[in-house]
Each structure stands twice: as structure tokens, then as C-alpha cells.
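Q: I am new to this structure. Please take me through one part of it closely, then show me what lies around it.

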Amino acid sequence: MRVNEKYSTLPAADRSVHIINICAIEDIGYLPSEGTLLNSLSVDPDAECKYGLYFRDGKRKVDYVLVYHHKRASGSRTLARRVQHSDAGLAARSARQDQPLPGKAGPVGAGEPEPPLDYHEDDKRFRREEYEGNLMEAGLELERDEDTKIHGVGFVKIHAPWNVLCREAEFLKLKMPTKKLYHINETRGLLKKINSVLQKMTDPIQPKVAEHRPQTTKRLSYPFSREKKHLFDLSDKDSFFDSKTRSTIVYEILKRTTCTKAKYSMGQGEGRKKDSALLSKRRKCGKYGITSLLANGVYSAAYPLHDGDYEGENVEFNDRKLLYEEWASYGVFYKYQPIDLVRKYFGEKIGLYFAWLGVYTQMLIPASMVGIIVFLYGWATVDENIPSMEMCDQRHNITMCPLCDKTCSYWKMSSACATARASHLFDNPATVFFSIFMALWAATFMEHWKRKQMRLNYRWDLTGFEEEEDHPRAEYEARVLEKSLRKESKSKEKRRHLPEEPANKWRQRVKTAMAGVKLTDKVKLTWKDRFPAYFTNLVSIIFMIAVTFAIVLGVIIYRISTAAALAMNSSPSVRSNIRVTVTATAVIINLVVIILLDEVYGCIARWLTKIEVPKTEKSFEERLIFKAFLLKFVNSYTPIFYVAFFKGRFVGRPGDYVYIFRSFRMEECAPGGCLMELCIQLSIIMLGKQLIQNNLFEIGIPKMKKFIRYLRLRHQSPSDHDEYVKKKQRYEVDYTLEPFAGLTPEYMEMIIQFGFVTLFVASFPLAPLFALLNNIIEIRLDAKKFITELRRPVAVRAKDIGIWYDILRGIGKLAVIINAFVISFTSDFIPRLVYLYMYSENGTMHGFVNHTLSSFNVSDFQNGTAPNDPLDLGYEVQICRYKDYREPPWSEHKYDVSKDFWAVLAARLAFVIVFQNLVMFMSDFVDWVIPDIPKDISQQMHKEKVLMVELFMREEQGKQQLLDTWMEKDRKKAEPFNNHSPTPPAPPDSPDFPGGAP
């Protein structure tokens, strides 16, 4: 019904006050309520309700909003009309719903012509009415608003009264602060002075938020109980449950409230044809309501409201505005995050993500500093590096074999001088130290996060929290229902062909009488039901990994063919920069393909997870994360793995090269090794993903979606001036925001970045620095997105980051192995050590370059592979050199692998084994030395338990004393009576006893 006369179509007599009785069941804690005032006339209702944050009475806060699409023409029939289509089983509920929900939507007059029947819309309306009736039975208070600026969209505002909040808080075992305060143990002596100095030094970078200040006292927390209300400070009931907790409680009710229990009859004629289809669709509502209703389009959205506006003039101060100023602004990038306020507003799960991101970013600071030192060391010693000096010395006049068949000619090694000098920046002894340091850094980071997580669990009262089994997903319920219906139909078919005996008839009557029991209670999906989905997953994942390998192979062919084409160019400058040109363009192609396939693989991973039909949301999320991570890991790192471990390994030798498709000769590494090319590949892919995918996409795509949604809503909005100038309600503004899609994309991009920082850090010491710079922007970017671009998520309690921690540990262990192989096989570190200690005549690196090069007689070229222009260098070449350990052409076993090759290979394998076991041992030692729970936190947790026991013991003693006092008073009252009556009372059968024997 419409409250304001301006929007009302009812007579003035009906525009007074609407009363709705919310039924309650006393046995399970539903407190009966008297008539609740839902609406009343006011001069400026929008101002009184703070533009949608409160109900029309301006007193009851909107805790949750349901959004649905409606057609005004067919949506104007009264509920009484719709109730007539329902079964008799709904009669009791229909009697309580004989009036529509209060708000601005109302029925049309009885004399208006009835619009044509829309069965699908009518079915959705029926389900909404049934569902909202069940919500009211659960104790929630609802108010509908269809008179909005958004055409065809209606809103149902939900408020949880005090008694419902108390009941649900007890059901959910929410820990709430009690009246009992205790002092937190503070450090003493030298540690106290150090902490005070650090606090003063870091005060300028602390956010100006009350929750972020160090606390000296803490309230004892205890799971809320209605029987122990006296333990809690209930002086201000409006603020006892904050908005985050209220929305969580309402969402729990929305999830467990059933959609409907009655069949829906569509009437006569054509309606009966659609009855079965609608009934089957209706049954997919599932056991738990809101997820099923959203999946079936009965409601288009469901979300809690933001606390208010975050910018603008005359904006009331709220947590959202405070977070925008102290957290989501780029101007505070140097400050700590107000994690406690983030948790208060968004819940523990999102709070833990930003806390983890903050710890990760802080830990990147020392890693970046060490990486810079390693890079500067390479820069400072580049002029003292003997191998690069020998390569740049033109007096050595080393002639190298052609890089491709026919079109490529012989070339001077000194032409690769720049590449050799640049390789030393990343391929020097310091990189081995840096690899060991980063392995220990990863272990320390994981331990530091575990300790930080325990501190947050203590501070957020999650120490005793255990995640309960989640409600089954709507899709799972639908599949289980389909399976149960198939079983039921098969059993009916069997019974139809069997002759019925009297005993069978009696048993059938019993089954019919118990038909109210749900068929899905004992039916579950087994591996046989999911086998087609599992097989599809396996085949699809293998196919997509094969697609990734095929694309990498295509890029390899591009590099080979492009290098051959550029070698035919007449320009000397083009021919001298073939390697740089081919490498840069190939990496850019790889980057574009990786970004595109990331989006495709994300969608495919979600589809593959959906067809598996996981039972709970947690199971769905874990399976999705595993598939998405596997596909994106392969997609992001396959080109890097190729350069690190495969390029130049299977080339062959001059006169006996390895060809792809018998046409393309495998490409070789530069004389300085493939480490420089690996560094270029890693840096461009890492920086490109961070800049384009993580930043531009996160900024651009939400803004583009918001703009498209704004244009669509503006096109659909009425052109009435009064409607246009009217200020939007809070729930209307939030509806135009982007829905929250979960934390998986946020974690995924950081995990992939963590892989870039740790897996190949031996080839790119500056990776932690670029990751640090990206994360400083990423934190504020994500914060701004959560505050300004997204609807407010439902707060979810969580005590850890879940499966992501296991993935991080796995990457940390894998990083040790990969860096061992990078140092051993990709860089020249091991060949240099072998030469220095086994082959050097004077104990220096002089002669190392010549030692790593083998000789080839140009007369041994295969037919059609020799250079077309053998005199390109100005002289005839008889012997050319190539990088490998092989016997010379004048040897008895010419071109066979030499003994030096086996010596270097043995040293490489030995280094891998020693490095891997040593670093693994050191990482495990760090894990063992650092305790998971800080000592002060374990002491505080023990202190809390002792205080809680003392509190209850004192309460029990008080009860016992009160009971003893009452008994003492009763005894004292009985004593005077006994003193004045010395004679014993007459027996019942004596004449003196009243009513006794005569």
C-alpha cells in the first residue's frame, strides 16, 4: 500500500496505519509480538528513513534487501486472487497474508479489467509471497517498495527485531563481548621501551581509526545466550549487534527458510499444459530458499546495505566514509591498513584477505632490498667479469656457426657483447645466495602469517570458532530431487507390474501416509552420478593444457621463422638486433595470449565445477580454486619453463641439427646462456600481467559495467520530472553497484605473483621490487573497489585463508626445486665452478669462453644447409665454433659428447641435490624454530579461560548464597510458629482435626 497521498490510489480512509501481526512459535524461541506499526503518514518520509537505511517509520533499520523484477500490468492483482490458485494446504498461511506487504506497492481497484495471465510471472509472484510469508513467520519484518526510480524493479526491505537477533545469535554461537573487562599483559623492561619507541616512530603511518589504536584492556567474550543476558552489556540494544552481524543473521534465516511446500495449480485450459513444467521448475526451489530463488530468477539480487554515502556534502559520518578516507584513498598508500575496521564492516573473511595481503606486502620490503643489492652487485662487477670481457674482446676473433640454415651467415662472438654484459647483472654468484635467501624468506613469510593469523583470531574472538557444515547448494538439492523422483517413478513402475497382495496394500497405505517426509533426506549423489562430470573435467583439463602447449609451440615456430626472415634483411642494424627483436615480440605475443586465456580458463573452470555439482559452497569454492589455479599456473608459466629448461637443450649440432616438422631448426641460446632471455620473458610477463590484468582490468571493467548499467537503467526509467529529481534510496543506489563475486580472483592474482617472485627469482632478482610496487597500488585499488564499486558482501566468519595457505606452501617448496635447476642448468654458474677448479691453469676464469665452445669443420655441413653467403665476414671460414661440449673434427670420435660434458652434468646434478636438501632443511628448521602461536597470545587465551571459569564460579556461588538466604528466611519464619505450638498437631483421623472423624 502506498503511504503518501501523492503516490496513493486508495481512498483517504484507507491511508492511515497498516498493522501486521508477526506470528511466533514459542517452543523454539519465536517470541510473540503484538501489532507492529509498519507505516505511518509523514511529511518527508525519505528524510525520516534516511533515504532507505530505515523503514518508513524511521526507527527500524534495514538489515537486508531483496530485489525482484515485476510487470506492473500483471503484478497488480491482489494476493487473495493468487491465493485462490494455491492448494488447500496453504489456507492457514494465506489467512495471514490476506494483505500485501506494507510499502508503496498496492493493488488496483476491483473494477479494473484483469490483465492477461502470465504464468511464469505469476509463479514467481506466488513463490515470493510464500517465501516472504515464511520469513515473517520466522520473526522478520518486511516492507515492500515498488515505487522506485528504477522501472520494473521492486525491493523488499527486511528488518530483524531484537528478539530474532538474540535467538539467531544463540543458534550461531556468536561470541559477544561481556561486561567483564580485563587488562592485557604488557611487555616490561627493555621490550616495553623498544615497543614505545617503535610506536612513536610509526605513529605517522598509522590510520586515524579508533579500532587501530593499541588496546590495554579487552572485554571477555562469550557465546551469546538468552539465559545469560545479564553477562552482556545490553544498555544500548541498537548498537549491541552491529550492521555486519545483523546482516549475517538475516542471511542465515534467508538461507534456511523454505521456498514452498505446496504444489501450484495453474487452473484450466492452457494453464494445465504448463502445469508440469512449472511444477518441475518450482520444485527446484530446493530445501533452502534464497540461493534457489536467486538461481531461478524469483529474486534478481539480495544484499545488505552500505552504511551510507562515502563522499559529498552534508554526508553523515559512518564506517564506509571513514574507510574511504583512511583506507581506500591513494593518498594514504604509505599507511597501515585499518584491518579491525575492515573486519567490522566486511566480516572476518575479507578482513583476513586484506591482512594477508598487508603481511605479504610488508615481507616484500626486505626481499626487495636484498634483490636490489644483488642487482647492484652485478652492475658493479660487470667490468671485472672475465668471461664477458673475453666475449667482448675483438682480438679473440672467434667465428661462430650460423644460427639458421642458408639465409644466416657466420658471425663474430663479439657482436653479442651487450647480451653477455647484461647477463652478468643476473647471472653472478650473488644470485645463488639470493635464491637461498628467498627460499628462507618464503618459509619465514608463512610462519609470520600464521602468527599474525593467531593474533587476529584472538583479537576477533575466533579462537574457539569451528566452521559448521554449510547448507547444501541449490543445484545440489535440485540434482538430488531429480534422482529421488527417478527412483520413485521406477519403483512405481515395478509395483504397477506386480500383483498387489493385502500386505502390500497395507504397506502402500503406510507409505502414502508418510508421503510428507522428503524423498531427498536419504538420497545422495555418489561417484557414479558424478562420473560423467569427472570424465568431462579430466578430458577438458588435458585438452586445455594441450592447447597451452600448442600455443607455446606456435610461438616457437614464430620465433624461428621470424629470425630466418630477418636474417635475409639487407640492413646491418636489423640483422645485428635479431635476438632482441624476436625475443621482445614473442614475449608480447605470449603476454597477450596469457591474458586472454586467463579469462577463458577462469570461465571454463567455473563451468567444470558447476557440472560436478558440489554439495556445499565451501566444496564448490575449493574445487573451483584448484581447477582455476592449475589452468592459470600452466598458462602463465609454460613459456617461462620452455626458456628456462628446454630452449637450447635439444638443438643438435652443426651438420646434424634437430628440426620441427622437418622445416624449422630448433633455436639456440645466446653465447652468454638463456638466463638473460629468461629474465626478459619473466619481467615482461610479470609486469604486463600486473599492469594490464591486475590494474587496468580491475579499474576499467567495473567502471564500464557500471556505466552500461547506468545507461540501461536511465533508458528504462520514467521521464516524469518528479521521479527524476527525487533522491534515490540507499537500496536503489546499491542495486546499481557490481555484485560481489568472491575473493577467488583477488587471491589468484596474488598467488600467481607469488609464483613469479619465488619460482624463478634466481633469474630476476628485481621481481620482489616490482611486486612490492604493484601491491602498494593493489591494496588501495582493491579497497576502493570494495568501498565504491561493489555491493556490500555478506559478512562471513573464517579463522584462516583456507586452501590458499596450502597452495602457498606448495609453491614455496616447488620454488626451491625450480631455482636449483635454474642455477644448475640455465645459468653458467656450475660450468664456471667446474672450469675454475678442474681445468683452469692459473686458478682464474681466463679461457672459460674458449673451453665452452666446440669446433666444427664447415665442410661437414649437410647439403642445402650451408650459408648462401660464406664470405659475409670478408674472409673464407674453415672452422666455426658453437656452444657445446663435443669432440673436435680432428678427433677420432669427432662431434661426440666429450668427457667435459659428463663432468659438468655430474656437477649440476650434485648441486641440485645438495641445494635442494640444504634449503629444505633450513626452511623446515625455520618452521620449527618459530612457534605458530605467539607466547603472549597463548598466555592471554589461557587467562581468558581462567577468567571465564572464575566468572561462572562466582555466579554459581552467588546463586547458592541466594538460595541459602531464602532457606534461612523460611526456617526463621517457621521457628516462631513452632515455639507457639508446643503440642503436636492432631492426627487427621482425630476429632480435633478439621474434617477429621466425628
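Which residues does Phe346 touch, not counting residues up to four places away in sequence?

A: This is a predicted model. Start with Phe346. Leaving out residues up to four places away in sequence, Phe346 touches Leu323, Trp327, Phe786, Ile787, Pro793 and Ala795.

Now step back to the core. Phe346 belongs to the largest nonpolar core, which has 127 residues. Phe346 is among those with the most contacts inside this core, along with Trp356, Tyr360, Trp441, Phe760 and Ile801. Helix 13, residues 348-380, gives this core its largest share, 15 residues. A second core is separate and has 45 residues. Leu66, Leu140, Leu172 and Leu947 are included in that second core.

Next, a pair of helices. Helix 29 spans residues 829-839, and helix 31 spans residues 899-929. They pack at an angle of about 120°, with their axes 9 Å apart. That angle makes helix 29 oblique to helix 31. The crossing of helix 29 with helix 31 is right-handed. From helix 29, the residues in contact are Phe829, Ile830, Pro831, Val834, Met838 and Tyr839. They meet Asp900, Ala903, Val904, Ala907, Arg908 and Phe911 of helix 31. By class, this contact has 10 nonpolar residues, two charged and no polar ones.

Stay on helix 31 for one more residue. Ser923 lies in this helix. Its relative accessible area is 7%, so Ser923 is buried. Beyond its neighbours within four places in sequence, Ser923 is in contact with Ala439, Leu440 and Ala443.

Conventions. Residues numbered from 1 in each chain as written. Predicted model: local features only at pLDDT ≥ 70, side-chain atom pairs only at ≥ 80, totals over all residues. Heavy atoms only, no water. Axes fitted to C-alpha atoms, helices over the stretch in contact; angles between N-to-C directions. Helix = DSSP H or I, 4+ residues; strand = E, 2+ residues; numbered from the N terminus. Parallel < 35°, antiparallel > 145°, perpendicular 65-115°, else oblique. Left-handed = near helix turned anticlockwise from the far one by under 90°. Contact = heavy atoms within 4.5 Å. Nonpolar A, V, L, I, M, F, W, Y, C, P; charged D, E, K, R; others polar. Core = buried A, V, L, I, M, F, W, Y, C linked by side-chain atoms within 4.5 Å. Buried < 20%, exposed > 50% of the residue type's maximum accessible area, 1.4 Å probe, protein only.
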